[in-house]
Every structure is written in C-alpha cells, then in structure tokens.
Amino acid sequence: MIYLQLFLSYLKIGFFGFGGGYAMISLISNEIVTQRGWLSEAQFTDIVAVSQMTPGPIAINCATYVGYTVTGSVWGSLLATIACCLPPMTIMLALTVFYRKVKNNRYMRGALVWMRPVLVGMIAAAAIMFVNTETFFHWTSVAICLASFWAVWKKVNPIYVMFAAAGAGILLYGVIL
Amino acid sequence: MRLLWELFWIFFKIGAFTLGSGYAIVPVIEHEIVDRRKWFEREDFRDQFTLAQSVPGPFSLNTAVFVGYRMKGFWGAFFAVAGLVVPTFSIMLVVAIFLTGIRDNEIVSAAFKGLRPCVVGLIAVPCVQMLVKMNVWQMVMGFAVLALICFTGLSPVYMLIFGAALGVVLCCINKTEGLKR
C-alpha cells in the first residue's frame with residue numbers, strides 16, 4: 001500500500017513540478033510532510049541540503065531519498081524516482097513532437113506568465129518553512145543565513161557556499177560551542 | 001545503437017558531474033550538443049530549451065528528452081533520460097543508506113546545523129530576484145500564495161491551476177495578453 005501511495009504522490013509531484021527545483025520544494029514538502037507525514041520538517045530540510053550538494057536535479061535526488069526513507073528499501077527508492085520522471089518525460093515528449101504548433105501559442109504563454117507569481121510564492125514558502133527555532137537556534141545561525149544570502153546574491157557558486165556553511169557548522173557547534 | 005549509447009553517455013556525464021542548481025548545467029549541455037557535436041543550431045537549441053523550462057519537471061530531464069528525441073526518436077529520449085537518472089539515483093541512494101545511520105553522529109549533526117540556515121539564504125535569492133521583476137498584481141498574487149501555503153497547508157497544485165486558468169482567461173479578454181514577454 002505504501003508503495004502505491006508513494007508512486008501516486010511522486011506522479012503528482014512530477015506532473016505539477018513547474019518552475020524548477022526551488023519551486024518544487026514547496027510542492028514536495030506539502031505532499032510528503034504536510035499531507036502524508038512521511039518525514040519531519042527537520043528531516044526534510046536535511047534532505048534539501050544533501051540534494052543540493054549531490055549531483056543531479058534536486059527533484060530526482062529528493063525522490064530517491066524519500067523513497068528509501070519511507071519504505072526502507074531500494075525498490076521504494078526506484079519507484080519514487082521513476083514516478084517523479086514519468087509525467088515530465090511524457091509531457092515533454094508530446095510537446096517536442098508538436099513543437100511547431102505550440103511554440104507561439106499565446107494562450108500557453110499567457111498561462112505561463114500568470115503561473116510565475118504562484119511560483120514565486122511557492123519559493124518564498126519553501127524558504128519560510130525552514131525558518132523555525134530548530135534552524136535558527138543561536139544568533140550564529142542568523143549570521144550564516146545572511147552570509148549565504150549575500151554570497152549567492154554576489155554570484156558565488158552555491159556549492160562552495162554550502163560547503164563553507166557545513167564547515168562553519170562543524171567548527172561552531174562541534175568544536176567551539 | 002552507437003548513437004543511443006552516445007546519448008546515454010553524454011547525459012550520464014551531465015548527471016554525474018554537474019553539481020548545484022539546474023542553471024549551472026545549461027552551458028555544459030550546450031557545449032556537448034552544440035559546440036562539440038553540432039547536433040543543433042545554437043538558436044534552435046535555445047528555443048527548444050525555453051520550451052523545456054516551461055513544462056513541469058527538472059529542466060535537465062526535459063532537455064534530455066528533446067535532444068534524445070531529435071537524434072533517435074523515442075528510444076533516443078529514453079536512453080538520454082536513463083543516462084541522466086542513473087548516476088543521480090545511484091549517488092543519492094548511497095547517501096540515503098549511509099545518512100540514516102550517521103545522522104546522529106556529532107560532527108554530521110553539527111554540519112547540518114550550519115547547513116539549515118544556509119539553505120534558507122540560498123532559496124531566498126531567486127525569490128527576491130523574481131520578485132523585483134513583477135508588477136503590483138503579480139506581487140499581490142505571490143503574497144497570497146505564500147500566505148495560503150504557510151497558514152492553510154493547501155496544496156500548491158490548486159494555485160498553479162488557478163494561475164494558469166487566470167492567464168488563459170486574460171488572454172481571451174485582452175488581445176495583447178500573452179504576446180508580450
């Protein structure tokens with residue numbers, strides 16, 4: 001049963017995964033944390049951090065991880081990954097075949113333009129969801145957050161920023177404090 | 001058959017070695033497909049890429065689909081996607097298996113304490129970048145979505161459907177809507 005639920009959940013995530021990785025975080029957390037209760041918020045934050053540091057699209061990383069954690073088996077992991085890829089693959093394949101017809105369709109473009117504010121709201125919700133006392137438990141957490149924001153704003157590669165933050169974490173909370 | 005494995009291998013490399021957000025991989029794919037193999041004209045590739053961004057799903061996956069399909073039909077698309085997913089899946093699976101065991105380790109947990117606020121900062125960047133480009137109505141809509149997700153737990157799926165429907169309706173009312181960027 002859990003396999004079927006997992007498959008359906010990821011099918012849904014794949015089908016509505018507009019706007020790339022960050023917007024999908026809201027969608028995934030709503031489905032996995034809020035609706036299904038398969039992971040806690042802290043667990044989910046950690047998964048997001050890990051999938052940012054490993055290669056590949058974050059949605060697929062996340063599907064692999066959640067599939068494994070929820071079922072405790074490699075098959076659950078594989079199932080979630082496949083379910084997550086299936087809808088975008090099908091849609092993109094169909095659109096590639098009919099490419100010339102949809103390219104300049106103004107209704108499609110209009111729909112996409114007005115989906116954009118929704119995506120911004122979703123990304124903001126993803127950021128705010130992680131703002132809690134577990135994430136910001138010390139004033140240095142706020143400092144790490146602001147420094148990360150500033151660095152990425154200044155076009156530093158996010159990977160370096162994340163490794164620096166992990167290093168700062170080990171130094172601050174493992175050694176000094 | 002050789003072409004299928006070549007597609008698999010190109011996207012395998014992309015899946016295995018490109019870290020970070022999707023936008024980082026665009027120049028890598030363009031280099032492989034346009035500059036080295038000359039499979040696409042640059043304009044054509046960028047056009048198709050815009051389409052790949054507007055459909056759901058990670059856009060490296062969507063790019064794999066259109067490049068693979070153009071080269072070798074359905075199986076081309078299949079092999080390209082498989083190439084992208086296999087390394088991503090394998091690496092993440094290993095991480096998942098080990099992380100559940102070492103999550104309580106003192107050093108790992110300290111590292112995560114540093115990473116969590118960093119993730120907040122990271123996500124806030126594209127959000128602010130997109131926000132400054134919007135008009136007042138779009139901002140109102142963005143904040144409404146934010147409030148709904150945070151306070152009601154309503155699935156964002158309905159809001160996406162609403163946004164798309166609104167766009168189509170506006171296109172029917174206003175003849176210029178959807179033509180401008």
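How many residues does the contact take from chain A, and how many from chain B? I will answer that in a moment. Note before we start that this is a predicted model.

The contact takes 89 residues from chain A and 83 residues from chain B. On chain B, the side that touches chain A draws at least two residues from each of these: helix 1 (2-17), helix 3 (42-54), helix 4 (59-102), helix 5 (106-131), helix 6 (136-152) and helix 7 (156-173). Helix 5 of chain B gives the most to that side, with 22 residues. Sorted by class, the side of chain B that touches chain A has 59 nonpolar residues, 20 polar ones and four charged ones.

Now each chain by itself, beginning with chain A. Chain A has nine helices and zero strands. Read from the N terminus, its pattern is α-α-α-α-α-α-α-α-α. The C-alpha trace of chain A spans about 60 × 40 × 25 Å along its principal axes. Of its 177 residues, 54% count as buried. Looking at contacts in chain A with a separation of 6 or more, 56% are between residues 24 or more positions apart.

Chain B is also built from helices. Chain B has seven of them and zero strands, in the order α-α-α-α-α-α-α along the sequence. Its radius of gyration is 20 Å, whereas the globule rule gives 16 Å for 181 residues, so chain B is more spread out than a compact globule. The C-alpha trace of chain B spans about 55 × 50 × 25 Å along its principal axes. Of the 181 residues of chain B, 43% count as buried. For contacts in chain B between residues at least 6 apart in sequence, the share joining residues at least 24 apart is 46%.

From chain A, take helix 7, residues 106-129. It has 24 residues and reaches 35 Å from its first C-alpha to its last, close to the 34 Å expected at 1.5 Å a residue. There is a kink of about 25° in helix 7 of chain A, at A:Arg116, shortly before the proline A:Pro117. Is this helix mostly buried or exposed? Of its 24 residues, 19 are buried, so helix 7 of chain A is largely enclosed by the rest of the structure.

From chain B, take helix 6. Its 17 residues should span 24 Å at 1.5 Å a residue, and the end C-alpha atoms are 24 Å apart, which agrees. Which residues of helix 6 of chain B are buried? They are B:Gln138, B:Met141, B:Gly142, B:Val145, B:Leu146 and B:Ile149. As background, an α-helix has 3.6 residues a turn, so residues three or four places apart point the same way.

On the other side of helix 6 of chain B, the exposed residues are B:Val136, B:Trp137, B:Val140, B:Phe151 and B:Thr152.

What do the buried residues of helix 6 of chain B pack against? In chain A, they pack against helix 2 (20-35) and helix 7; in chain B, against helix 5 and helix 7. Just after helix 6 of chain B comes B:Gly153, with a positive phi of about 70°.

Note on methods: Residues numbered from 1 in each chain as written. Chains lettered and ligands numbered in written order. Predicted model: local features only at pLDDT ≥ 70, side-chain atom pairs only at ≥ 80, totals over all residues. Contact = placed C-beta atoms within 7 Å. Helix = DSSP H or I, 4+ residues; strand = E, 2+ residues; numbered from the N terminus. Nonpolar A, V, L, I, M, F, W, Y, C, P; charged D, E, K, R; others polar. Rg over C-alpha atoms; globule rule 2.2 N^0.38 Å. Buried ≥ 20, exposed ≤ 12 C-beta atoms within 10 Å, placed from the backbone. Expected span 1.5 Å × (residues − 1). Bend = angle between axes of the 7 residues up to and from the residue.
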